[in-house]
There are 2 protein chains.
Amino acid sequence: MAQRKLDVVLDSVKRLQRMGATANLVNLLQKQHPADLAQLFSELSDKDRRAAFSVLAERNSRLAMEALSELGPEAGAAQLSDRSAEDIVRLTQELPTDDAAALIDYLPEELSAAVLELIQKRPAGGDVGELLEYPEQTAGRIMNPKVFALSEDMTAGEAITAVQSSRDVEVVFYLYIIDARRHLVGVASLRRLLLVPPSTPLKRIMTTDVISVRADMDQEEVARQVASYNLLAIPVVDEENKLAGVITVDDIIDVIKDEATEDVYRLAGVSSDDRVFTSPTESLRKRLPWLLVNLVTAFIAASIVSIFQGTIALLPILAVLMPVVAGMGGNAATQTLTVIVRGIALGELTWGNTRKALFKEALVGLGNGLACGLLGFVIVFALTRDSILGLVLGLAMLINMFVAATAGTVIPVILRALKVDPALASSVFITTLTDMFGFFSFLGLATLFIRYLHTGG
Amino acid sequence: MAQRKLDVVLDSVKRLQRMGATANLVNLLQKQHPADLAQLFSELSDKDRRAAFSVLAERNSRLAMEALSELGPEAGAAQLSDRSAEDIVRLTQELPTDDAAALIDYLPEELSAAVLELIQKRPAGGDVGELLEYPEQTAGRIMNPKVFALSEDMTAGEAITAVQSSRDVEVVFYLYIIDARRHLVGVASLRRLLLVPPSTPLKRIMTTDVISVRADMDQEEVARQVASYNLLAIPVVDEENKLAGVITVDDIIDVIKDEATEDVYRLAGVSSDDRVFTSPTESLRKRLPWLLVNLVTAFIAASIVSIFQGTIALLPILAVLMPVVAGMGGNAATQTLTVIVRGIALGELTWGNTRKALFKEALVGLGNGLACGLLGFVIVFALTRDSILGLVLGLAMLINMFVAATAGTVIPVILRALKVDPALASSVFITTLTDMFGFFSFLGLATLFIRYLHTGG
């Protein structure tokens, strides 16, 4: 919904809440799409959101729960956490199994256990429990186990009748076809069924080359498959190729967004579930370890400077210029690192073409180093009239930016080979390295050429 | 395709190419999915890729072009750039209009113009030209103008017949319904058509509340709508609400990936079309301006240090410790900035809740500053036995990390209000600011307390 329209509805909601006009409020809320309601909810204060959700849940629990699910599992679960387990079981039944499982998973531990225990006692309630048995971030965890499947012995006409009488199935666009023991054997589209005489056996018109994923596959890999084959849904099978569920493209979009956020975050040393409105203590708990690691490595880099305290005492201008050399190496390394890490995530950088990438980045680092070194020389000379000092800075910058580009390529590739997430660990390594190299090359060169530099004035 | 399977096919391709076994090579290539072919192409050397594409294009031009399109418009266009305009026109006709337009747009300027001129002369060739008239990154640019639409005067039975006889339409899942003047008036699903008697008028069963987007809408906003309403496709209309095209969810996935890459990249000062295998000169041209801006701001930050040259000459250990204070501010600011910028991109941070976010980040900054300041104090005291120096460092770090968190929230919000992309401009501002504040608070405090510090050893 456009921001302007949202603001109008938001104002009305707030007014009706103040007036206590519950019937009018529910009427207004009922007219909204679940996604719009989720946006409305996120703009309300905690208290107002709770109140609005409560009145809506009483009159139209499906819509209320769909809106909650759109809010995301973490925020949605927070909304439910003051309700009884019985209440939550009743409400989550309004949702598709995968969405229900995600919400329940984010409830406080005890409540989540109580809810699961109650659910297991219900017919078909086992589904939610089964989903939660798959490891996080796998296909099994995000699939919908209610999948529409047809028997391979059916005819096209029978299949159309089955589609007509199907209920409770999210959307039917691919029709998965199974054998008597539920093995996935084919797929057909509804349109294809309409194109053949009703008596045609499904076996004759189905595509047998079905693209499917295993339930234990990482969700990022599932997303890559759906994206690269342009699918609207992908069937999930167990280790015996039996159909276990289906993942639709809307869930894939959520995965792609989450994984992208994860990439951005890891490069900056932020945990992927640290969002704008995560509580301050939670954010602190997540960010502090990273900062403390950085603090220790910053002292390690600083120890390089301490070797050259004598030179600095003679020539304090070196202390002024040395952060420039270190910082530019950091900037250049961040650029390279980002391109390489994202290239790995998007599957563009493979083992086969790593050498080509390294060669390219080294060249770019050299070019950047030459240009920045030259400008650095000009600025230092203009400020100090000391051409040797300018030369020392320019040369150190060239060296450091070349090292930065090379390390920015090699380190993530090595971390990947060691099965460490390249985004997570690279940036702390790289900054330490470019700081150390920057300090060492600049102060080292200055010490070598100290007799040619304008000391003491 | 799994990496292992890919490697096997890749080896066979290389072997068949060496042997010159063209017929076998084409046979092997023909068996692959376009997405797998694209992956294969990206692993081949430039020369081998060109050769493989050529033989495939001769025997199965549709598959060859689909694979090229999957490679992405930039790499795909590079592959075509040594062919004649006539050849390119013939080949791009194998693709959906939106994909063809994207490829043509990335050709070298002259060739692109020649291709467009030839295309305009063909029946229905105008489509490609029209798409390219929409501004980049809008709905009009990425839509497919060949959209399957039904007249509102039809019956369900007539509609099913129309679906059966439709050709050249990507996939039919939503059936858009138009009036006599092509205004978009409704939508229905194929399944819904099957559920009613064939004589039912479409008007009676269609949903009139169609979610559509204007052709000039930004593609990021289109993606947000498709994602939040969980759509498989969204119709595109002109300013009079006439149906102009359709955008399918596979194109939306590409948009979401590209926008995520853009976010990661901008924070690091990398242009969004700078990829692993962009040519070195192109990458240099794109990254250098950002580095030069950073170089100038680094000198500005360094100028703060020059005020304190006298203090540093007395106490060179300050030069050792000052990058630690500045760097930790930068790290804390990057964390905050990333959360805020991503929060803006995901629509989580709105005008209404900015104050709440600022309060939270300030608290987190204070907490991080206290913890890091304390550890910094301990390390400095352990290394130098100078408790006042430790105190100066700890206090400066606390101040700088608090400023970093506050600025990391406020600056992107201000830039957004000024309609400047917060991701693009924030990081250079922030690093300069945290460097300046770090140097100033640390060296300033040291100068104030200089008489209590262990100078001269």
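Five bridges join strand S5 (residues 233–237) of chain B to strand S6 of chain B, and the two strands run antiparallel; strands here, like helices, are DSSP runs numbered from the N terminus, with at least two residues (E) for a strand and at least four (H or I) for a helix. The model is a predicted one, in which local features need pLDDT of at least 70 and side-chain atom pairs count only at pLDDT 80 or more, while totals for chains, interfaces and linings use all residues. Residues are numbered from 1 along each chain as its sequence is written, and chains are lettered from A and ligands numbered from 1 in the order in which they are written.

**The S4-S5-S6 sheet of chain B**

- Strands S4, S5 and S6 of chain B form an open sheet of three strands in the order S4-S5-S6, with mixed pairing, where two strands pair if DSSP finds at least two bridges between them.
- Strand S4 (213–214) and strand S6 (243–248) of chain B are the edge strands, each pairing on one side only.
- Within this sheet, B:Ile234 has B:Ile247 in S6(B) as its bridge partner.
- Helix H15 (residues 219–228) of chain B packs on the sheet, touching S4, S5 and S6 of chain B, and its direction makes about 135° with that of S5(B); contact between two residues requires their C-beta atoms, placed from the backbone, to lie within 7 Å.
- Helix H16 (residues 249–268) of chain B also packs on the sheet, touching S5 and S6 of chain B, with its direction at about 65° to that of S6(B); axes are lines fitted to C-alpha atoms, for helices over the stretch in contact, and angles run from 0 to 180 degrees between N-to-C directions.

- In chain A, an open sheet of three strands has the order S1-S2-S3 and mixed pairing.
- Strand S1 (149–151) and strand S3 (184–189) of chain A are at its edges with a single partner strand each, so one side of each is left without a neighbour in the sheet.
- From one strand to the next, the twist averages 35°.
- S1(A) pairs with strand S2 (residues 174–178) of chain A in the parallel sense over three bridges, and A:Ala149 stands opposite A:Tyr176 in S2(A).
- In chain B, strand S2 (residues 174–178) and strand S3 (residues 184–189) run antiparallel and are joined by five bridges, with B:Leu184 in S3(B) as the bridge partner of B:Ile178.
- The hairpin of S2(B) and S3(B) has five residues between the strands, and in it B:Arg182 takes a positive phi near 70°.

**The two chains together**

- In the interface, 86 residues of chain B are in contact with 88 residues of chain A.
- Helix H19 (residues 317–345) of chain B gives the most to the side of chain B that touches chain A, with 18 residues.
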